[in-house]
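User: I'm new to reading protein models and would like to go through one slowly. Could you help me with a few questions about it?

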Amino acid sequence: MMEEMVGSVLVVDDEADIRNVVRRVLAKVSDVPVLDAGTVAEAVSLLGAHPISVLFVDLGLPDGQGFDVIDAALARSKDVSIVVMTGESSVDHPISALRRSVADFLLKPFSRAALLDAWERAAQRQRENASRPRPSVRAKERPSTDVWREVHAPEIVGEHPSLHDVFATIERIADTDATVLITGESGTGKELVAAAVHSASKRTGAFVTLNCAAIPENLMESELFGHVRGAFTGASGARNGCFVEAHGGTLFLDEIGEMPLALQAKLLRALQEKRVRAVGEDRERTVDVRIVAATNRDLEEHAEAGLFREDLLYRLSVIPIELPTLRDRRSDIPLLVRHFIALSNQARGRNVDGITSEALDMLSAYGWPGNVRQLRNLIERIVILKAEGWIGPNDLPARVRATGPTALGGDPLEPQLPAGGIDLRDAVERFENALILQALERTGWNKNQAASMLQINRTTLVEKLKKKDLKPASGG
Ligand SMILES: Nc1ncnc2c1ncn2[C@@H]1O[C@H](COP(=O)(O)OP(=O)(O)OP(=O)(O)O)[C@@H](O)[C@H]1O
Ligand SMILES: [Mg+2]
């Protein structure tokens, strides 16, 4: 198969040992010629003389940066597969490798198996490149069925298209071992989605959660990898870490953005090598674990600030799932409200009948900075206090009522800040929505004309409509 590769492999590292290892390992599995260079200058001159298909490159080179080599390679061919070899201490890549179509990362020192994994992925990409041009027709994602949802995600309520996309992704990747990174604001349901990913998989082992924000830094390593008896003060017995507990199953690393830098390298090594070593142990154990991570932080920003390893981010986000905020799927609010009223009635022995449409409109208009969790907590509180009857506007907190349609008062271009303050994001969004709707209504929902009235691109308008779930009033 490898013989399909048209160009050579180029290995760039100032350490001769690394160059030799890569050379030797690749020679066993492929006939592709392997060239190597110890400096940027040598690498650039080889790039000028030979077509290169796969580039293994170290970032710190004696006469410059690995990025200089990457740029030179990409300038010659967009199709080159790039594998960046990083060291344990290199976190501060001044320019984001993620933005340079880097294909893979290898943390040094790496095992033969990890190198072959990276090679296999690079070769696969070369095969895909070779079989172009065919427009990448991905079969349209099947919407997951009600039965599938009932079985794997019974707790996740919502019918908004953005949520259906999430379910379709979970279903599509269920049987793979690919690492999943779930992002989304606080309270958007990341934990529920992580559990659904495990449930939908065929993995028979346990679903183990580690909340990285809740574990003190000095205990994190032992939480992850375990320790032997007496490994440190207080380690009276041996303990299996989360990796071993999740063997054959799924390890959910919640709040991964809080993982200390020193441990990020160890985590990356475990993911790359599929082996872990308990604290105080000299033997490694092989583990088969599917990783799902979640964060409400912008990890790319963290990476750029040197707080999160870019190579780890790359490895975690093989399958990214971004959860919509509640204000981006307002049409689900009535469903969620009814669901939470029923849940709270049951859990708290209450008998609330339901909610008036006026109160529901107010809940639907509010901004929900705390997303579904905030809505759930609010409904639960109201149900407990009210005990029975219908939830009306007077049962809602002032800040929710304040987002009623007249909250801004007077001329919308000279708004009056209500005495109790306002949810700025929500107010701005509703202002935007009102103008968009008027432009659409005035043009009979002609998106080209409406976009030009608003002086935005048609695609921007279409994206906004999808995101905001705005539709003609008649419903069509
Ligand atoms: N789509 C949904 N349907 C029903 N309940 C939901 C949904 N999304 C979230 N919830 C509920 O909202 C609460 C918060 O959800 P979850 O803990 O999964 O959020 P999170 O994204 O992990 O938040 P954080 O970033 O703060 O950890 C939970 O009680 C959960 O059951
Ligand atoms: Mg959470």
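**Helices, strands and a ligand**

Analyst: Happy to, and let's begin with a pair of helices: α2 and α3 are roughly parallel to each other. Keep in mind that this is a predicted model.

User: At what angle do helix α2 and helix α3 pack?

Analyst: Helix α2 covers residues 40–49 and helix α3 covers residues 66–76, and their axes are 9 Å apart. Angles under 35 degrees count as roughly parallel, and α2 and α3 therefore get that label. The packing angle is about 10°.

User: Which residue in β3 stands opposite Val11?

Analyst: Look at strand β1, residues 8–12, which pairs with β3 in the parallel sense over five bridges. Find Val11 and look across to β3. The residue facing Val11 there is Phe56.

User: And which residue in β6 is the bridge partner of Val54?

Analyst: Strand β6 takes in residues 81–86, and it runs parallel to β3, with five bridges joining the two. For Val54, the partner in β6 is Ser81.

User: How many residues of helix α7 are buried?

Analyst: Helix α7 spans residues 190–200 and is mostly covered. Among the buried ones are Lys190, Val193, His198 and Ala200. Out of 11 residues in α7, the buried count is eight.

User: Which elements give two or more residues to the shell around ligand 1?

Analyst: There are 16 residues around ligand 1, and those that come nearest are Ser186, Gly189, Lys190, Glu191 and Val372. The shell divides into four nonpolar, seven polar and five charged residues. The elements giving two or more residues to it are α7 and α15.

User: Zooming out, what share of the residues of the chain counts as buried?

Analyst: The chain's secondary structure comes to 19 helices and 18 strands. Across its 476 residues, the buried share is 35%.

Definitions and conventions: Residues numbered from 1 in each chain as written. Chains lettered and ligands numbered in written order. Predicted model: local features only at pLDDT ≥ 70, side-chain atom pairs only at ≥ 80, totals over all residues. Buried ≥ 20, exposed ≤ 12 C-beta atoms within 10 Å, placed from the backbone. Helix = DSSP H or I, 4+ residues; strand = E, 2+ residues; numbered from the N terminus. Axes fitted to C-alpha atoms, helices over the stretch in contact; angles between N-to-C directions. Parallel < 35°, antiparallel > 145°, perpendicular 65-115°, else oblique. Pairing = 2+ DSSP bridges. Near = placed C-beta within 6 Å. Nonpolar A, V, L, I, M, F, W, Y, C, P; charged D, E, K, R; others polar.
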